[in-house]
Amino acid sequence: MKFSELIIPTLREAPADAEVASHILLVRGGFIRRLASGSYNWLPLGLRVLKNIERIVREELDRAGAQEILMPVVQPAELWRESGRWDVMGPELLRLTDRHDREYCVSPTQEEVVTDLFRRVTTSYRQLPCNLYHIQTKFRDEIRPRFGLMRAREFIMKDGYSFHLDEESFEATYAAMHACYAAILARMGLDYRAVDADPGSIGDGESHEFHVLAESGEDEIAYSLTSDYAANVEKAEAAALPGDGSVQPILRTHTPGAKTIEAVAGFLDVDTTRCVKTLIVQADSEDPGLVALVLRGDHQLNEAKAGRVEGIRRPLEFASQAEIEAALGVGIGSIGPVGLALPIVADSSAAAMPSFVCGANVDDYHYIGANWQRDVADNVRVVDIRNVVEGDPAPDGSGPLKFLRGIEVGHIFKLGTKYSDAMGVTIRDASGRDIVPIMGCYGFGVSRMVAAVVEQCHDGDGIVWPDAVAPFDVHVVALNNTKSTDVQTVADRLHHDLQAAGLAVLFDDRDERPGVKFADADLIGIPNRITVGDRGLREGIVEYRRRSESVVQKLSPDAVIGALARTA
């Protein structure tokens, strides 16, 4: 295809609203253009990349035995009410009403619809296991869309679902989908990690995320250097760290104006590791209504872990200052577990401290030397509710944890019977018993994958597309072709011959200066570049360069197809 005949609006400058490399380069390279906040038009180059990723995803899923279907984008509210998620999903779920006042939502995912489809079309246990998928536009009303395609409101996702009579069948399919996702990312030539993950509001059991590794990734991954252990920090298990020191006598002391751990530690001249902080969250019932979470002063609450604790409202919701003062008679910053008339959930590392500094439940006062066994009532549950930190011991005992950053592009879930139970789905097995089918869920961010590839595959000049997803295989750059008949003739012939050899070719036939053409070629990032110019033709050669390499090879025009075949 000729550059002059395609819409490829390259830009020299980065767009003002772009913060990460993929957003900058995909806009500058003419792959996408913003329509509204979190919504993008796909231009010809971008769509070709998107379709290449879709093709790889389809091929690997079909190879794994999944069946492609297509489900509606607009879904009736009654299905979501049946599953119990109409209110749980919150404001990210875009709701609408039709002319008959019937309520709908724009699909953020398809668990309800696929479960309803399954119960309508499945008549025999012989049809199981059943593994279905589709690739479709989704919409989630993100409060703050950012980073271009990485955190968009409208996006293209592959979501898949499987149904099973027993755990053995399900585990086999789950393992097959894990291997399938690994194969997809390997075919794209990417550095990735599969990690243990939190299932969020979708799943009801074990789940794994697939991350493309990149410094710009929003997710942090904890992993062991000496074992296969890897987990998203939302899921990573934090070991109970032994407390230092010995049991001390308790003393109440005045701490005027000290409302943060750092301020209290500074005022009392102690390390933050000697303090605990107490956070107040909503309970899942009106009586008592609130729950206290206690962590070591230098640790951070893991909201995903805390949200899974029995008795705590999900999703996790912090109590307001007014609610805290009404219930406890003390302001935020002076709360502690000693004498606290609330259920207490203590992180395991906080619970291991023999003596600690904590709020005294009186404004501007703290205790020094508080002890769990001596000073705190027995309404304490010890649970892992903190984020791991680099250097923590890995839960498998293999050594200290290290951190990487990654972009989540795939997530597979063990749903159990969460949706099939809620929606009354049964299938009669060979013995005549009614079985509630076990479900699995398998999501893959197709449009996000475009951004993830760029985040890992770029340099200071532009994108460096892996061969498997590149918009074209070869970029033929003709220099001064509008003025040189020889250049035009050879470039035209190469364009034709390369296409005849089954390669996708972008032919830069524009009347532009060589510097502009080279800059655009580097920016667009097609894997192979053939440069045709008068100077080279006088020597009987054209120049060949891999975008990922700096070496330039001189070839006769007749040797180009053979050279490209050797790189495939």
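1. E54 belongs to helix α2, residues 44–63; helices are DSSP runs of H or I with at least four residues and strands are runs of E with at least two, both numbered from the N terminus. The E54 residue is buried, with a relative accessible area of 7%, where buried means under 20% relative accessible area, exposed over 50% and partly exposed in between, for a 1.4 Å probe and protein chains only. Leaving aside residues up to four places away in sequence, E54 touches I135, I156 and V446; contact means heavy atoms within 4.5 Å.

2. The model is predicted: local features need pLDDT of at least 70 and side-chain atom pairs count only at pLDDT 80 or more, whereas totals for chains, interfaces and linings use all residues. Residues are numbered from 1 along each chain as its sequence is written, and side-chain values use heavy atoms, with hydrogens and water left out.

3. As to the overall chain, the protein has 16 helices and 30 strands. Its C-alpha trace spans about 95 × 70 × 50 Å along the principal axes. Of the 568 residues, 52% are buried. Among contacts with a separation of 6 or more, 69% are between residues 24 or more positions apart.

4. T278 stands opposite V294 in β15. Strand β16 (residues 344–347) pairs with β19 in the parallel sense over 4 bridges, and A346 stands opposite V382 in β19. Why is β14 described as largely enclosed by the rest of the structure? The description holds because 6 of the 7 residues of β14 are buried.

5. A second topic is the open sheet of 3 strands, which has the order β13-β18-β17 and antiparallel pairing. Here β13 (251–254) and β17 are the edge strands, each pairing on one side only. Neighbouring strands of this sheet are turned by 30 degrees against each other on average, direction ignored. Strands β13 and β18 (residues 365–370) run antiparallel and are joined by 4 bridges; the bridge partner of L251 in β18 is I368.

6. The second largest pocket holds about 380 Å³ of space. On a 1 Å grid over the protein atoms alone, a pocket is an open set of points where a 1.4 Å probe fits, with protein on both sides within 12 Å along at least five of seven lines, and lining residues have an atom within 4 Å of a point. Grid points are joined across faces, edges and corners, and the volume is the space filled by probe spheres set on the points.

7. The lining of this second largest pocket comprises 24 residues, of which K259, K277, T278, L279 and G333 lie nearest its centre. Strand β14 gives the largest share, 5 residues; α6 (261–268), β14 and β17 (356–359) each supply at least two. The lining divides into 13 nonpolar, 8 polar and 3 charged residues, with Ala, Val, Leu, Ile, Met, Phe, Trp, Tyr, Cys and Pro counted as nonpolar, Asp, Glu, Lys and Arg as charged, and the others, Gly among them, as polar.

Notes
Pairing = 2+ DSSP bridges. Axes fitted to C-alpha atoms, helices over the stretch in contact; angles between N-to-C directions.
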